Amino acid sequence: MLSPAGSDALLELDPDLAAGLDGESAERARQRVRVALYDVRADDMKGKWGPGSPELAGLLIVEGALLREVCAADRVTAELLGPGDVIRPFEEDGEEDLPVRADITWRVVQPVLLAVIDGAVLQSAAEWPSIVAALSARAVRRAQRLSVNLSISHMVRITDRVLLLFWHMSTHWGRVTPQGVVIDLPLTHAQLALMVGAERPSVTTALSALAREGLVTRTPTRGWLLNGPVPDDVGELLTRPEALRGR
Amino acid sequence: MQRVQRLTCTAHLDESRDELERARASAAAGDSSWAQWVREFDEGSALILRLDVEAFFDGPAGPGSVGTTNRAVWVERQLHPPLVAGQIEEAVSKDFNQLAAALRDSGVAWVTADDLALMHVQVELAPELLARLRRDRLDSYPVG
């Protein structure tokens, strides 16, 4: 379900977009560039936006998490999206003419707040090109993150894929705590399987193994806790976790 | 030359009360993935297996084998046994670090877990597992 949630200053919602501005410019831009907001709480986002206006650049995720499931030739993969990512769900309804057709399903992993980046926003931001450049960079960053996901899904062993996926997600979603890095996302085994190109049973088996080694465990809030060092050698880590933990 | 000759995995039913209770406790604590597995198990569409994985090799002291046992492996029940075997083949690589270490201890020096993961695993379903699949198939997929 989508519902309007007022409006706010873009740079208040996403301060990283002001990285290229000096203090005075950032303050002016903060006052001038405002965005409309929408709450997304259920899984029926697809189609709500209709055909996109030529001036609608995209929707910036301000809070929450979405899973974009792509089904092509009966195979399903999934991309996790979150704060700072720019999406264009309205574009996908017009893709029927492509040689390989993909059906897209959006799933809300955590309630999402979206900012509409439309023509009015772009016009008001035009005085500060670094904001527009930063928004464009978000799209590139998303592609770069996907390419790492692709590499991970080509690893031979499922346990390695799952462990590296969690560490990969931690750069975007991780929160450092005294116990380790926490990823507060209630991702299911089935969703993780879609993200690493594996079957659900092998992801369950891999997660049980990682939990036994103490490398990935559940948190009381159904998130995930990563222990030990960032795995620069996954094979060694899984063979001798006790030797590497706390390195 | 020291080399691995073949990898085998024999899958047995392993529906222990302990594993089920652990899964039910996780489900009751709000883990939707384990809730799904428990529901499927209760409906007869999931199985819990024990996997005996063995690597046969030619070592410095002649032929030999090393093995590992992996308990409580959850798989989806399928109509065709080779589909169950396919799930097992994907899951079994979890044990390859341990197996590679055991091979090295036995004198087969130049093999890593990644090497093993690239090798074909001959999966066999134990008679009691095949019987369960056959029974389930007759129960769930009426013919005639």
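**A guided walk through chains A and B**

In chain A, four strands make an open sheet in the order 7-8-10-9, with antiparallel pairing. Helices (H or I, at least four residues) and strands (E, at least two) are DSSP runs, numbered from the N terminus. Two strands pair if DSSP finds at least two bridges between them. This is a predicted model, in which local features need pLDDT of at least 70 and side-chain atom pairs count only at pLDDT 80 or more, while totals for chains, interfaces and linings use all residues. Residues are numbered from 1 along each chain as its sequence is written, and chains are lettered from A and ligands numbered from 1 in the order in which they are written.

The edges of this sheet are strand 7 (174-177) and strand 9 of chain A, each of which pairs on one side only. From one strand to the next, the twist averages 30 degrees. Angles run from 0 to 180 degrees between N-to-C directions, and axes are lines fitted to C-alpha atoms, for helices over the stretch in contact. Strand 8 (residues 180-183) of chain A pairs with strand 10 of chain A in the antiparallel sense over three bridges. A:Val182 stands opposite A:Leu225, a residue of strand 10 of chain A.

Helix 5 (residues 158-173) of chain A lies across strands 7, 8, 9 and 10 of chain A, and runs at about 80 degrees to strand 8 of chain A. Two residues are in contact if their C-beta atoms, placed from the backbone, lie within 7 Å.

The loop between strand 9 (216-218) and strand 10 (224-226) of chain A holds A:Arg222. Most residues other than glycine have a negative phi. Phi of A:Arg222, however, is near 70 degrees, a positive value. How exposed is A:Arg222? It counts as partly exposed because it has 16 C-beta neighbours inside 10 Å. The cut-offs are these: a residue is buried if 20 or more other C-beta atoms lie within 10 Å of its own, exposed if 12 or fewer, and partly exposed in between, with C-beta atoms placed from the backbone.

Chain A as a whole comes next. It has nine helices and 10 strands, and 35% of its 247 residues count as buried. Among its contacts between residues at least 6 apart in sequence, 70% join residues at least 24 apart. Chain A is divided into domain 1 (2-152) and domain 2 (156-244); domain bounds come from an automatic or database domain assignment. The contact between them takes 13 residues from domain 1 of chain A and 15 residues from domain 2 of chain A. On the side of domain 1 of chain A that touches domain 2 of chain A, strand 4 of chain A gives the most, with four residues. By class, that side has eight nonpolar, four polar and one charged residues. Here Ala, Val, Leu, Ile, Met, Phe, Trp, Tyr, Cys and Pro count as nonpolar, Asp, Glu, Lys and Arg as charged, and the others, Gly among them, as polar.

A nonpolar core is a set of buried Ala, Val, Leu, Ile, Met, Phe, Trp, Tyr and Cys residues joined through C-beta atoms within 7 Å. The largest one has 96 residues, and among those with the most contacts inside it are A:Val162, A:Phe166 and B:Ile88. Helix 5 of chain A supplies the largest share of this core, nine residues. Both domain 1 and domain 2 of chain A give residues to this core, so it lies between them. Leaving aside neighbours within four places in sequence, B:Ile88 is in contact with B:Cys9, B:Ala11, B:Leu51, B:Val75 and B:Val123.

Chain B has an open sheet of four strands in the order 3-2-1-4, with mixed pairing. Its edge strands are strand 3 and strand 4 (121-125) of chain B, and its twist averages 20 degrees from one strand to the next. Strand 1 (residues 3-13) and strand 4 of chain B pair in the parallel sense over five bridges; B:Thr10 stands opposite B:Glu124 in strand 4 of chain B. Helix 4 of chain B packs on the sheet and touches strand 1, strand 2 (46-59) and strand 3 of chain B.

Strand 3 of chain B also contains B:Ala72, whose phi is near 60 degrees, a positive value in a residue other than glycine. B:Ala72 is partly exposed because 19 other C-beta atoms lie within 10 Å.

Finally, the two chains meet: 23 residues of chain B are in contact with 21 residues of chain A. Strand 3 of chain B gives the largest share of the side of chain B that touches chain A, five residues.
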